[in-house]
Amino acid sequence: MFRWFAERSARREAAEKIYDSIVAQSRNPVFYVRCGVPDTLSGRFDMLVIHMFIVMQNLKLGANEGKLLGKEIIEAFVREMDSMVRDLGIADAYVAQEVRKIADLFYRQLVVYTNAVEQKNKAALAEAIWKSFQSGDENADVAADELADYIFHSIKNVGEMPLNMLLQGHLNFPEVYGLKQAV
């Protein structure tokens, strides 16, 4: 029984490190300055979803342990969304409802992105990215094709990482190439 607690504790610690790396990468200024991602709550959420998706794509291939780690990362995400909702001043009685809405949006995006990636359909992925950003800001001029390329390259890069690097939260995200505007 104590082994289970120790394993879960270690998995949770690794998940927190991975989640922190996901958040850091999703806030990389290159996405906002050069890729047209709106620096808004919605734009930041969409970038977080993209980076969560990249990592989750790799973890679902990791048998049971990868799935358990993925679950812990999602739990870290939900905890942060709960905290964010509270920080926005949502009354305690409505926090769970708002977090469920966020989680539903997150899972719907994961399904759309997964379908496009599994079909190796860059155009469908770019369209899904475009629609996601448009739903938060209809004037967003996001470099969706470039972000789709980035996602495919990121999935490959993260998938080739040594496990010990991943567990320490050192994710190998690629540079963003082919941007539509120079800095």
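Start with the lining of the largest pocket: by class it has 11 nonpolar, 5 polar and 6 charged residues. (Ala, Val, Leu, Ile, Met, Phe, Trp, Tyr, Cys and Pro count as nonpolar, Asp, Glu, Lys and Arg as charged, and the others, Gly among them, as polar.) You're looking at a predicted model, where local features need pLDDT of at least 70 and side-chain atom pairs pLDDT 80 or more, while totals for chains, interfaces and linings use all residues. Residues are numbered from 1 along each chain as its sequence is written, and side-chain values use heavy atoms, with hydrogens and water left out.

**Stop one: the largest pocket**

This pocket has a volume of about 500 Å³. Select Leu41, Phe45, Met81, Met84 and Ile102: of the 22 lining residues, these are the closest to the pocket's centre. (A pocket is an open set of points on a 1 Å grid over the protein atoms alone, where a 1.4 Å probe fits, with protein on both sides within 12 Å along at least five of seven lines; lining residues have an atom within 4 Å of a point. The volume is the space filled by probe spheres set on the points, which are joined across faces, edges and corners.)

Now colour helix 1 (2–26), helix 3 (41–59), helix 4 (63–87), helix 5 (92–118) and helix 6 (122–136), each of which supplies at least two residues of this lining. Which helix gives the largest share? Helix 3 does, with 6 residues. (Helices are DSSP runs of H or I, at least four residues, and strands are runs of E, at least two, numbered from the N terminus.)

**Stop two: the second largest pocket**

Here the volume is about 300 Å³. Pick out Leu59, Leu69, Leu163, Leu166 and Leu167, the closest to the centre among the 16 residues that line this pocket. Helix 1, helix 3, helix 4, helix 7 (144–159) and helix 8 (163–167) each give two or more residues to the lining. By class, that lining has 10 nonpolar, 4 polar and 2 charged residues.

**Last stop: the whole protein**

Zoom out and switch to cartoon view. You'll find 8 helices and 0 strands. With a radius of gyration of 17 Å, close to the 16 Å that the globule rule gives for 183 residues, the protein is as compact as a globular protein of that length. (That radius is taken over C-alpha atoms, and the rule is 2.2 Å times the number of residues to the power 0.38.) Along its principal axes, the C-alpha trace spans about 55 × 45 × 30 Å.
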